[in-house]
Structures are given as structure tokens and as C-alpha cells.
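I opened my notebook for another look through a structure, jotting things down as I went. Here is what I looked up, in the order I looked.

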Amino acid sequence: MRNILVTGAAGFIGSNFVHWVVEHEPSVHITVLDKLTYAGNRENLADIPENRMDFVHGDICDEKLLSKLFPKADAVVHFAAESHNDNSIANPDPFVETNVVGTYRLLEAARAFDVRFHHISTDEVYGDLALDDPARFTEETPYHPSSPYSSTKAASDMLVRAWHRTYGVRATISNCSNNYGPYQHIEKFIPRQITNLLSGLRPKLYGDGKNVRDWIHTEDHSSAVWAILNDGRIGETYLIGADGEKSNIDVLRAILRTMGYSEDDFDWVRDRPGHDRRYAIDSTKLRRELGWEPIHTDFDGGLAATIEWYETHRDWWQGVKEATEAKYKAQGQ
Ligand code: NAD
Ligand code: DAU
């Protein structure tokens, strides 16, 4: 695997993946394909050495562009997506276009040029679990997506499965839980609360705050994707998770404590329509088959490092803070 094409690598998880590959795999060259939407930032890749990466500014829906890029790639890792649930509720249109049509265009290119394809997906395709349910999601859990975002991701997973079974595309899929770490857009839960506090604003908690997310550090997501790309069985799906279940209110209180505020210094705001209650991943298959293990098992330590990153990278987020909060305010959140 010498030349990989990575879609959506100017975003949060894709840019962390590029950093991970550059650090751990010295002989791999990366071509990035990214549309630089509101969520993409060229700065996220500014420190990648020129001889390790080419950056192509373009759309995954652009067939002509794909037919130029695919013949040069040994494999494609597909992160590009519209990724934020709240945005999908306000306007589903770009979610259908990028997540469904975009993935279809990439699969057609993978078929035409016989390129190995790894599709990045989410645990949200499985819907949600009750707070008191002992079950966790496995690769066998039926699909039951709730939001426009998660239903477009579910649709894209189905396309990948069909293109493998019908046309023999050499594809794998991974469904990961909630990521945290550097370079995450400040619309998302953890960076929104950190940057609110750094801006003199109060954190905002949806609903009753009891919703549970299964947190994984983005570096652990990257190492898992690399393991699947290289050693995963073609046609298989792997769930990625690091046993990090926490309620939103517990995460928020940890942020407030770490940043020196009282644990009650936040506002309750309107709940997200259709808000999934709980996600939980059983990653036994990935661990048993590929020997993968997360290294960031100390959530409080990872959170403290993430807080420090936002404190020391104000230039990275300050320019979009006002507009991000104005959008939330208009939604009552
Ligand atoms: P993000 O919103 O931070 O980044 C998305 C990137 O895709 C941006 O750089 C954007 O410019 C690019 N993009 C969007 N539309 C495009 C198009 N049409 N053509 C080319 N590029 C386009 O997203 P993220 O949080 O880094 O998520 C990356 C992937 O991981 C997504 O597929 C998401 O569904 C999945 N995922 C995310 C999480 C999470 O916790 N954030 C968890 C599991 C899975
Ligand atoms: O589970 C994986 C998914 O995790 C990914 O597929 C998505 O791309 C990613 O955005 C994330 O989705 P969530 O909806 O879980 O993440 P978000 O950061 O938007 O919200 C996390 C939880 O926090 C959720 O229960 C809603 C709540 N929340 C969010 C915001 C922005 C708040 O209580 N207050 C907030 O201000």
C-alpha cells in the first residue's frame, strides 16, 4: 500500500488520520481529495511535509476528477461526508448529495479502476439503545438510523455492501463511535463547550443531559482504520470503539472541573429532535481478528489534552465562533 487517496482529509478525523499515517508509515504517499466545505480547513494539514502529500481541492461527486485520481491509487479511504446531526435536521440536502451520491460516485470509480476501498461510517446507523439496556452494538445489529445524517450514512453503507457483492469491489466498512481530539469543528459537543468557556459563554446541554455517547480518541480510530485497510477481510464490516460510554452531563461536568468552573455553570437548552439516547460499541471482532487495541484509555487525560489544544489554538477556531453560536441560537440551542 504505497499510494492512498483519502477523501475528506481536511476535516476532523481525516486530518488526524493523515497525521497518523505520516508519523507511522514512512513509505506511504497520500493524495487528499477535499471540497473544503465549512467543515474542511486546509490549515489542518499545513504541517504535513510536501513530499508526503498532495492536496486536491474537489468534490467526491465529480466523476471526471475521480477518473483522474483513482488510477494512481492503491487504495481509497473515504472519510468525506456531511457529518453533523443538527445541520442534517436543519437542511438534509447536502447530506443526501455528499453522503449518498458522493459514495456512489466513488464506488463506481473503485469498480471501474479496481481499487481497494475502505468506507468510514458511524455507529449511528444502528439507531439507539435504552440507557438500562445491557446490550451493545455488534456487526450483526440491524440498521435502524434516526436522523437525516445517520440515514444517509446507512444508505452509503448499503451501497458499499451491494458494490462488493454484485461487482466484487474490494471493500471494507468500519462503523466507529464518537471521536474526540484536536481539529474537531466547534459545532460538535466537546469543542463547543470548551470554546464557549474560553469565549466567556455558558456551555449548552440538550434535553436532560442523560444521553450516552461512547467516546474514542481520534488517534485510536486512525490506528483501527489502518489495521482494517491492511489486514481486514474484504467484504467485512468492523465496529470501532474503546469502551468509553459516558453521559453528556458527565462529560460536561468533567470539562467544567478541568477548566476551573463550578459543575453547574451551564445552560439547559432545547433537545435535538429525534435525539438518540445511547450508543455503545462491542469491538470484539476488530480486537480478536486484527489484534487492535486503543492506547488512549484515560478519558480525563485525553480530555485535558484536548482542552489544552483549543486553548493554544485560538486562531484556529475564533474566526468561526460567532457564526456557529448564532446558528445554534436561532435553533434555540
Ligand atoms: P468533518 O465534518 O469534520 O469533515 C468532513 C470533511 O469532508 C471536510 O473536510 C469537508 O470539507 C469534506 N467534504 C464534505 N463534503 C465533501 C465532498 N462532497 N467532496 C469532498 N470533500 C467533502 O467530519 P468528521 O467528523 O471528520 O467525520 C469524518 C467521517 O467519519 C464521516 O464520514 C463521518 O460520518 C465519520 N464518523 C465521524 C465520527 C465523529 O465522531 N465525528 C464518528 C464515526 C464516524
Ligand atoms: O456516534 C458517531 C457520531 O458522533 C458521528 O457519526 C457524527 O458524525 C458525530 O457528529 C457524532 O454525532 P453526535 O450527534 O453524537 O455528536 P455531537 O457532538 O453533535 O453531540 C454529542 C452529544 O451531545 C449528543 O447527545 C448531543 C449533545 N449535545 C451536542 C451539542 C452540540 C449537547 O448536549 N449540547 C451541544 O451543544
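**Entry: one loop residue.** I began with Asp265 and asked what it touches beyond its neighbours within four places in sequence: the contacts are Arg202, Pro203 and Leu256, where contact means heavy atoms within 4.5 Å. Asp265 sits in the loop between helix H8 (248-258) and strand E13 (267-269). I took helices (H or I, at least four residues) and strands (E, at least two) as DSSP runs, numbered from the N terminus. Asp265 counts as partly exposed because its relative accessibility is 27%; buried is under 20% relative accessible area, exposed over 50%, and partly exposed in between, with a 1.4 Å probe and protein chains only. I also checked Pro294, which is 29 residues from Asp265 in sequence and 32 Å from it in space, C-alpha to C-alpha.

**Entry: ground rules.** I noted that this is a predicted model, where local features need pLDDT of at least 70 and side-chain atom pairs count only at pLDDT 80 or more, while totals for chains, interfaces and linings use all residues. Residues are numbered from 1 along each chain as its sequence is written, chains are lettered from A and ligands numbered from 1 in the order in which they are written, and side-chain values use heavy atoms, leaving out hydrogens and water.

**Entry: the sheet.** I traced an open sheet of 7 strands with parallel pairing, in the order E3-E2-E1-E4-E5-E6-E11; two strands pair if DSSP finds at least two bridges between them. Its edge strands, E3 (53-57) and E11 (237-240), each pair on one side only. Strands E4 (residues 75-78) and E5 (residues 116-122) pair in the parallel sense over 4 bridges, and Val77 has His118 of E5 as its bridge partner.

**Entry: helix H1.** Helix H1 (residues 12-24) packs on the sheet, touching E1 (3-7), E2 (29-34), E3 and E4. How many of its 13 residues are buried? I found 11 of the 13, among them Phe12, Phe17 and Trp20. The buried residues of H1 pack against E1, E2, E3, E4, strand E7 (179-180) and helix H7 (218-231).

**Entry: ligand 2.** Which residues come nearest to ligand 2? Of the 25 around it (a heavy atom within 4 Å), I listed Asp123, Tyr149, Asn178, Arg272 and His275 as nearest. An oxygen atom of ligand 2 is 2.7 Å from an N or O atom in the side chain of Asn178. For the side chain of Arg272, I noted 2.6 Å between an N or O atom and an oxygen atom of ligand 2.

Conventions. Axes fitted to C-alpha atoms, helices over the stretch in contact; angles between N-to-C directions. Polar contact = N/O pair within 3.5 Å; in protein donor to acceptor, adjacent residues only side chain to side chain.
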